[in-house]
Amino acid sequence: MKKNNVVFIGMPGAGKSTVGVVLAKMLGYRFVDSDLVIQEKTGKLLYQLLDTCGLERFREIENEVNAGITADHAVIATGGSAVYGREAMEHFREIAVVVYLKLSCGEIRERLGDLHERGVAMEPGQTLESLYQERCPLYEQYADVTVDCDGKSLREVARQVYDRMQGRE
C-alpha cells in the first residue's frame with residue numbers, strides 16, 4: 001500500500017503545524033492538526049484538558065483520538081506527546097510516512113513561550129530538558145524519516161520533506 005499521508009512528530013515548537021500547512025499546500029493535500037481534533041472532540045483547550053483530567057487521562061484521550069484519525073492525501077501534525085500512544089503511532093505508521101522534525105533543546109526553548117498555556121503535556125516539576133531527553137528516543141523509534149531542523153527556515157524544512165515525498169532526496 002502506498003502511503004499517501006504525512007504525519008509530523010517532534011517536540012512542541014519544532015514547527016509541526018507550520019511546516020505541515022506549508023507542505024500540505026505544496027502537495028495539494030489536506031491539513032489536519034491533531035491537537036485541534038482533540039480540542040474539537042472534547043470541547044476543551046489542551047491546557048484545560050490537562051488541568052481537569054490530569055496527564056495520564058490526557059494521554060489516553062490523545063491516543064484514542066489519534067488512533068481514530070482517518071486521512072487520505074493529508075498532512076497531519078501531532079502534539080508533541082502523541083508518541084506516548086502506541087496504538088496511535090502504529091496507526092499513523094500504517095497510513096502515513098512519519099516524519100520527525102528534530103530540533104535542539106536550545107532552539108525549542110527559544111521558540112516556546114509559556115509551556116502551560118501551550119498545553120505541553122509534562123509531569124509537574126518536569127523541566128523542558130528532561131522532557132526532551134524522555135521523548136527523543138520515542139520520536140526516533142517511530143520516525144520513517146528524520147529531518148534536522150536546526151538553523152533551517154520552516155520553508156526549507158517543508159521543501160526537504162516535499163523532495164523526499166517526491167523521491168528526489
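Me: In which hand does H4 pass H5 in a crossing?

Reply: The crossing of H4 past H5 is left-handed, a term for a near helix turned anticlockwise from the far one by less than a right angle, with clockwise giving right-handed. This is a predicted model, in which local features need pLDDT of at least 70, side-chain atom pairs count only at pLDDT 80 or more, and totals for chains, interfaces and linings use all residues. Residues are numbered from 1 along each chain as its sequence is written, and side-chain values use heavy atoms, leaving out hydrogens and water.

Me: At roughly what angle do the axes of helix H4 and helix H5 cross?

Reply: Two packed helices are described by the angle between their axes and the distance between the axes. Here the axes of H4 (residues 55-67) and H5 (residues 86-95) cross at roughly 25° and come within 7 Å. H4 and H5 are therefore roughly parallel (angles under 35 degrees; over 145 is roughly antiparallel, 65 to 115 roughly perpendicular, the rest oblique).

Me: Which residue other than glycine has a positive phi?

Reply: Most residues other than glycine have a negative phi. His 73, however, has a phi near 55°. His 73 lies in the loop between H4 and strand E3 (74-77).

Me: How many disulfides does the rule count?

Reply: A disulfide is a pair of cysteine sulfur atoms within 2.5 Å, and the count is 0. For Cys 136, the nearest cysteine sulfur, that of Cys 105, is 7.9 Å away. Cys 136 is buried, at 9% relative accessible area (buried is under 20%, exposed over 50%, partly exposed in between, with a 1.4 Å probe and protein chains only).

Definitions and conventions: Axes fitted to C-alpha atoms, helices over the stretch in contact; angles between N-to-C directions. Helix = DSSP H or I, 4+ residues; strand = E, 2+ residues; numbered from the N terminus.
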